[in-house]
Amino acid sequence: MAGEPRVERLLDNSFDSTLTPEELCSECPELLQEVRERWQQMRMVEAELDALFPSTTNHADTDAAANTSYPGDELPKIQGYDV
């Protein structure tokens, strides 16, 4: 498609802003349909990734889990080093 580089540029710009496809295509309405379809696909993929890899917002829980020791876990002994 002849408008492909322009569509890619518009979609790249959508990552840096909160603009809707309509706002992104205000100067090129002929690309609105394709931008809208691909924007929706990107949002669906983003939602799927967020569901698979949720962000951790509570760092206290992460820190506590990192400091948890398990029975049988021992640090390695390396001569000349305190671990």
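**Figure 1. Arg-38 and Glu-34, four residues apart in helix α3, are separated by about one helical turn.** In this predicted model, the side chains of Arg-38 and Glu-34 meet in a salt bridge, with a distance of 3.4 Å from N to O. Glu-34 counts as buried, because its relative accessibility is 18% and the limit for a buried residue is under 20%. Arg-38, with a relative accessible area of 21%, is partly exposed. Salt bridges with shared partners join Glu-4, Glu-8, Glu-34 and Arg-38 into one network.

**Figure 2. A salt bridge links Arg-38 with Glu-8.** The closest N and O atoms of this pair are 2.2 Å apart. Arg-38 belongs to helix α3 and Glu-8 to helix α1, so the pair ties together parts that are 30 residues apart in sequence. Glu-8 is partly exposed, its relative accessible area being 31%. Side chains of opposite charge can pair when their charged atoms come close.

**Figure 3. Arg-6 and Glu-30 form a salt bridge.** Here the closest N and O atoms lie 3.0 Å apart. Arg-6 is placed in helix α1, whereas Glu-30 is found in the loop between α2 and α3; the pair therefore ties together parts that are 24 residues apart in sequence. Arg-6 is partly exposed at 36% relative accessibility, while Glu-30 is exposed, with a relative accessible area of 52%. The structure as a whole holds six salt bridges.

**Figure 4. Helix α1 comprises residues 4–15.** At 1.5 Å a residue, the twelve residues of α1 should span 16 Å, and the 17 Å between its end C-alpha atoms agrees with this expectation. Val-7, Leu-10, Leu-11 and Ser-14 are the buried residues of α1. Seen down the helix axis, these buried residues fall within an arc of 95 degrees, so they line one face of α1. Their cover includes α2 (21–24) and α3.

**Figure 5. Ser-14 is a buried residue of helix α1.** The relative accessible area of Ser-14 is 1%, which means that this residue is buried. When residues up to four places away in sequence are not counted, Ser-14 touches Leu-24, Trp-39, Met-42 and Arg-43.

**Figure 6. Val-45, Leu-49, Leu-52 and Phe-53 make a nonpolar surface patch.** The patch has an area of about 430 Å². Leu-49, one of its members, lies in helix α3, which covers residues 32–52. With a relative accessible area of 44%, Leu-49 is partly exposed.

**Figure 7. The protein contains four helices and zero strands.** Along the sequence, the pattern is α-α-α-α. Of the 83 residues, 16% count as buried. Among contacts with a separation of 6 or more, 50% come from residues 24 or more positions apart. The accessible surface of the protein amounts to about 7,100 Å², and 55% of this surface belongs to carbon and sulfur atoms.

How values were computed: Residues numbered from 1 in each chain as written. Predicted model: local features only at pLDDT ≥ 70, side-chain atom pairs only at ≥ 80, totals over all residues. Heavy atoms only, no water. Patch = residues over 30% accessible without salt bridge, like charges linked within 9 Å, V, L, I, M, F, W, Y side chains within 5 Å. Areas by Shrake-Rupley, 256 points an atom, 1.4 Å probe, with all protein chains shown as cover. Salt bridge = Lys/Arg side-chain N within 4 Å of Asp/Glu carboxyl O. Helix = DSSP H or I, 4+ residues; strand = E, 2+ residues; numbered from the N terminus. Buried < 20%, exposed > 50% of the residue type's maximum accessible area, 1.4 Å probe, protein only. Expected span 1.5 Å × (residues − 1). Arc of directions from axis to C-beta. Contact = heavy atoms within 4.5 Å.
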